[in-house]
Amino acid sequence: MSTARAEVLRRVRAALAHRPPAPDVPRDYRRSGGPGDLDLFADRLRDYRARVRLTTPDEVTAAVVAALRERGLRQVVAAPGVPAAWVPDDIRSDDHHTAGGVVTACHVAIAETGTIVLDHDARDQGARALTLLPDYHLVVVRREQVVAGVPDAVAALAGVRTQTWVSGPSATSDIELERVEGVHGPRTLEVVVVR
Amino acid sequence: MTFLGMPSRNLVGEPFPRAARAALGNAQLRRNLAKATGTIRAKRASVVAEVPDWAGLRAAGAAIKDAVLADLDTHLLRLEEALTARGTTVHWARDAEEAARVVTELVTATGTTEVIKVKSMATAEIGLNDALAAAGVRAVETDLAELIVQLGDDRPSHILVPAIHRGRAEIRDLFRREMPGVDPDLPDDPAALAEAARRYLRHKFTTVDVAISGANFAVADSGALVVVESEGNGRMCLTLPRTLISVVGIEKLVPTWQDLEVFLQLLPRSSTGERMNPYTSVWTGPTEGQTSHVVLVDNGRTATLADPRGRAALRCIRCSACLNSCPVYERTGGHAYGSVYPGPIGAVLSPQLTGVRHNKTLPFASSLCGVCYDVCPVAIDIPSMLVHLRGEVARTTAPNAESAAMRALAWAMSDSRRWARALRAGRLGRALGRRRDRIGRLPPPLSAWTDARDLPRPPRQTFRDWWETR
Ligand code: SF4
C-alpha cells in the first residue's frame, strides 16, 4: 500500500519535473449577488415541477399543516428541531422508513437555480435518511435564507460537513430521454416560502 | 505492473474504423443517439446562454484545474491529511488492477457478497465489477441506465445516458426477463419502468451493507467529497450502507471548498442542460456512524500529466457536452470507441491513459471541427490535442512521410490564428479546385497526406460554421 503511495507521488513529481507555474485563477465572474429574488426562486422551483406556497411569518404553521392535510398524509416525520406545531399530533410519526412525508427547514436556498441546501448536522434539517426515504418532502424556506446565486450559497455553506443540495424532485431521463419524476428520492417536493 | 505493458482493456477496444462501421449499420442506435444528443444540445445551449458570466466561469474552471495539476503532489497530500484527520482511510493505487484489488479486499473483509454502486466512470475504468465477481461478490448498479446496461449484459454507450442505445420496449422485455420479482405484465412506458426499478432497488438499498461510489470533486483542504446526480440512487448508496468505499481519480481534486462555486455552475448546465441537477451530496469524513475509505487512482493519469501538450485532458469534469456536440459521436455512438471514455474526450484521454501505442486509432476518430472545444466548460482544446496525439501515433510507429505531415498539421493547428489562416487558405484552395471536387496534391510536407488520398475540396462554409448554425 505504502509502496503504491510512494510510487504515485514519485510519478507525479517526475511528471512535473519542470514545475509549470500554477496559473493565477481569474475570478472574473459574479462572486456575490446578495439576497435572492423570491419570485425568481418560486419560478425556478415550479420549473422543476416542485409545489410552491408563499406565506407570511405569522402563517407558517397554518401553511405547513394545510399542505400536509391536502396531501392526505397519515404518517409524517419531522426533523427533531422543527416547531412541534408544524406537524399535528394525529399524523406525527417517528419512523422515516414507513412515513409518507417529511418536514424540514433548510440552511440556504439559491434563487437563480431553484436549489435548497440541507445541513444534516442542523437539528431542524435532520440526518440524511430522514429526507430520503419518505415519498414527499416539505421544506420551509425563510426569506433571509434565499441568496442570489451559487457563489453566495457556497460561501454560506463553508464548514458545513454534510450537505444535500436539492433542486426539484428526483428525476431520470434514462429511458429514451423522457423525463420521469421520482426514481429514488421523494417524488414530490413542496416548498413553503416565508416572505 | 506498469500500465504501459498492460493497458486496461476497459480503455481499449477494436480499432475505431471497424467498430464504427458496425455501429453505423444500426438504425435504432443512430435514431436514439440523434434524438438524445440533439435534445441535450439544445437544453445546454439555452441554460448556458442564460448565464451572463459563462466565459468568466469557464476561464476560472480551466485555471483552477490547471493550478491543481501544477501542484498535484501537494494537493494530494493535503487531501490525504484532511481525509485521515476526519477518520477516512486513504488507499493508493498505481493502476487499474491494483485499484480493483484494493477495493475487492476491502469488500470481502466485510464478509458481504453483494455491494451497491453509484454510477462512476472510475470504477468502470478499473473493471471493478469483474474483479468483484471473480471474488464472489455481486455488484448491483443503481443508476437506472447503468442497471439497464447491467441487466442486459451490455456496455454503456454514453457517459451521461449509458442506455441511450436501447428503446423502451427492449427495456421492458429486459426487466421482465431479468429483474427478480417484476410484474410479468409490466408496460413499456418510462414511468412504469422507472417505478419497477424503484421497487427492485429500494430493497437493495435497505439490505446491502457496502456501497461503492466515485466522486465528482474532492476538496483538498477539507476532505469533502462531492457526488452530483439526478435520481437519488447516489444519496441512497452514500447514506444507508454502513461501509462506503469511494474510488477517486487523482485529477478530481479542487484546492478549496470555494472553488466549487465555479464547478457547481459549470457542470450541471454543461451536462444535463439543467440549471442545477436534482441532487448533490457533500460529505466530509465518515458520516452518521459509517466507515469510509477513499482509493486514489493513478492508472495512466501521471503519464498524461507528464505530457505538457496532453495534460489539459485531466481538467475534464466528465460533463459529456463534447460527446453531445460531436458529429462523429452522434453517428457512431459510444461503443465504437471501445473505451469507457467515448467521444471527443475519450479520443484524447483513452490513448493517453493507455499510452498511444496501445490505442492508435482513437486520435483519428474526429473530423477536427472544433465544436468540442467550444462547448467544453473547462476549455480543453481537444482538436489540437488530437492532432498532437496523431503526431505521437505517427512518431511511435514507423517513421514515414505521413508523420511529417501530421507534425506540420499539428504546428498549423497549435495556434488559433495560424489555424484560421490555414482555413482561409483552404477556402482559396476551393477556387483552385473548382473543376473537380477533389484536390489532387499538396506541396510537401503535406503531400505525404495527399499522395495517399485525395483531399476533398474545401466547402464554401467551414464545417464549424455550418454545425453551429444548423
Ligand atoms: S472534455 Fe470538456 S466537454 Fe468533454 S466531458 Fe470533459 S469537461 Fe465535458
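Start at the interface of chain A and chain B, where the rule finds 16 salt bridges. A salt bridge here is a side-chain nitrogen of Lys or Arg within 4 Å of a carboxyl oxygen of Asp or Glu. This is a predicted model: local features need pLDDT of at least 70, side-chain atom pairs count only at pLDDT 80 or more, and totals for chains, interfaces and linings use all residues. Residues are numbered from 1 along each chain as its sequence is written, chains are lettered from A and ligands numbered from 1 in the order written, and side-chain values use heavy atoms, leaving out hydrogens and water.

**Stop 1: one bridge across.** Select A:Arg11 and B:Asp298. Their side chains meet in a salt bridge (2.8 Å, N to O).

**Stop 2: the side of chain A.** Ala, Val, Leu, Ile, Met, Phe, Trp, Tyr, Cys and Pro count as nonpolar, Asp, Glu, Lys and Arg as charged, and the others, Gly among them, as polar.

Stop 3: Select A:Glu7 and A:Arg10. Their side chains meet in a salt bridge (3.0 Å, N to O). They are 3 residues apart in helix 1 of chain A, so about one helical turn separates them.

Stop 4: Select strand 8 of chain A and strand 9 (residues 279-284) of chain B. They run antiparallel, joined by 4 bridges; strands pair if DSSP finds at least two bridges between them. A:Val166 has B:Tyr279 as its bridge partner.

**Stop 5: the ligand.** Select the residues around the ligand, among them B:Cys316, B:Arg318, B:Ser320 and B:Cys376. Near means a heavy atom within 4 Å. This shell has 10 nonpolar, 1 polar and 1 charged residues.

Terms used
Helices (H or I, at least four residues) and strands (E, at least two) are DSSP runs, numbered from the N terminus.
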